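Student: I have just opened a new structure and would like to learn how to read it. Could you walk me through some features, one by one?

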Amino acid sequence: MPVAKSISTGIGQPALRTISAAAALAAATALLTGCGSGGAAKVDASPSPSVASSAPPSADPTAAASAAVLTAYRGMWAEEVKAFASGSLKDVNLEQYAGDKALADIKASAVYYQDNNQVFKGEPKLAPKVTAIDLSTTPNRATVEDCVDASNFLPVDKATGTPAKITDANRPYVQTSSVRIYAGRWVVMESTINRDKTC
């Protein structure tokens, strides 16, 4: 609200001018406080300077898609670890994150260890990263490269806990996975292990 300036009566000025100034001040006060009804008169406030609202920058679709790809990849591994640790595919939601050859390979491995009465202890260490992504194709596609360290994720005899014999060299290896949109979500379709390439 604008602030009224104080009216100087001017010491030594004629009395008429002093009275006129006082009357003007009284009139201004009456306008502000309203009259008769006792209700306050509405006074329009000076409009505040308009501030241009800047819209937040739109999220990078590639970054968002890459994050979703890694979520699917890690989800597949989490379900895979659950299956190998329990020695069963029951209550394992692999289909949410894996499909096609990737799903078939995991299930075949799980059945193999189950038939040999083996379960896995520990967890693998993962370091996945999206090395390629294409959002211009239908369906969208991506490639994930991971350094898998399974030195603390080993099969043991389910009954005795005796470590199983491992034929492959137990060292970190590179795993490359193909991921694409399927049924509205990112799904790992194939994973290739390259044990000759260390990381």
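Tutor: Gladly! Let us begin with burial: buried means under 20% relative accessible area, exposed over 50%, and partly exposed in between, using a 1.4 Å probe and protein chains only. This is a predicted model, where local features need pLDDT of at least 70 and side-chain atom pairs count only at pLDDT 80 or more, while totals for chains, interfaces and linings use all residues. Residues are numbered from 1 along each chain as its sequence is written, and side-chain values use heavy atoms, leaving out hydrogens and water.

Student: Is Ser177 buried or exposed?

Tutor: Ser177 is buried, because its relative accessibility is 0%. Ser177 lies in strand E5, residues 173–182; strands (E, at least two residues) and helices (H or I, at least four) are DSSP runs numbered from the N terminus.

Student: Which side chain makes a polar contact with the side chain of Ser177?

Tutor: A polar contact is a pair of N or O atoms within 3.5 Å; within protein, one must be able to donate a hydrogen and the other to accept it, and residues adjacent in sequence count only if both atoms are side-chain atoms. Here the partner is the side chain of Ser191, at 2.7 Å.

Student: How do I read an aromatic pair?

Tutor: A pair of aromatic rings is described by the distance of the centres and the angle of the planes. Rings of Phe, Tyr and Trp (its six-membered ring) pair if their centres lie within 6.5 Å; planes under 30 degrees apart count as stacked, over 60 as edge-to-face and the rest as tilted.

Student: How many aromatic pairs does the structure hold?

Tutor: There are 5 aromatic pairs. In one of them, the ring centres of Tyr112 and Tyr113 are 5.2 Å apart with planes at 75°, so the pair is edge-to-face. Tyr113 also forms an edge-to-face pair with Phe120, with 4.8 Å between centres and 85° between planes. Ring pairs join Phe84, Tyr112, Tyr113, Phe120 and Phe153 into a cluster.

Student: Are Tyr112 and Phe120 buried or partly exposed?

Tutor: Tyr112 is partly exposed, with a relative accessible area of 48%, whereas Phe120 counts as buried at 8%. Tyr113 is partly exposed at 21%.

Student: Which residues does Ser177 touch?

Tutor: Contact means heavy atoms within 4.5 Å. Leaving aside residues up to four places away in sequence, Ser177 touches Tyr73, Ala142, Thr143, Val144, Val188, Glu190 and Ser191.
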